[in-house]
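Hi,

Here is the structure I promised to pass on. Have a look, and my notes follow below.

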Amino acid sequence: MKLMVFASLAVIVLGQHLNTHELQQLVDAGFVSLDVNPKDNLLEYDELVTLFNQKDVDGDGLLSMTEFQAHVGADFLFAEPLFNNYDVNKDQKLSVQEFVDNAYHAMNTNGDTQVTRHEFDHYYTQLLHHLNQHHG
């Protein structure tokens, strides 16, 4: 789920694999930090675009690694692998398409206009589990 979304998962964990419970805590914290307006246990596309625009400090319409790390926390274990996962064209910058659109559509499995907590949890738990196994 290529969602800027973990940019919201600022946790200091260095050099170790996380267990399932720890991964779930990261996912839960990510959802809570993204579900902001309204705080309704659903993620709407506009919430994620607004977050992207807030994190795009220089206003160029792209997130650099520095901007992404500021979003997720410089010590976030999965910052670089998560950034690389989102960076489909490998240009070292994340567009709205890469960071919001791709993740949103991957999470939104039923194709409605909202991502439920269950859809988010499933997508990000799988993604972080994969990154944990290969980069943790």
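Which residues does Phe78 touch, not counting residues up to four places away in sequence? Leu18, Leu23, Leu26, Phe83, Leu128, Leu131 and Asn132, with contact meaning heavy atoms within 4.5 Å.

Before the rest, some housekeeping. This is a predicted model, where local features need pLDDT of at least 70 and side-chain atom pairs count only at pLDDT 80 or more, while totals for chains, interfaces and linings use all residues. Residues are numbered from 1 along each chain as its sequence is written, and side-chain values use heavy atoms, with hydrogens and water left out.

Phe78 also turns up in the largest nonpolar core, among the residues with the most contacts inside it, alongside Phe68, Phe99, Phe120 and Tyr124. That core has 35 residues (buried Ala, Val, Leu, Ile, Met, Phe, Trp, Tyr and Cys joined through side-chain atoms within 4.5 Å; buried is under 20% relative accessible area, exposed over 50%, partly exposed in between, using a 1.4 Å probe and protein chains only).

Now the rings. There are nine aromatic pairs (Phe, Tyr and Trp rings, the six-membered one for Trp, with centres within 6.5 Å; planes under 30 degrees apart are stacked, over 60 edge-to-face, the rest tilted). Tyr86 and Phe99 are edge-to-face, at 4.8 Å centre to centre and 80° between the planes. Both are buried, Tyr86 at 0% and Phe99 at 1%. Tyr123 and Tyr124 also pair edge-to-face, at 5.0 Å and 90°. Ring pairs link Phe52, Phe68, Phe83, Tyr86 and Phe99 into a cluster.

Cheers
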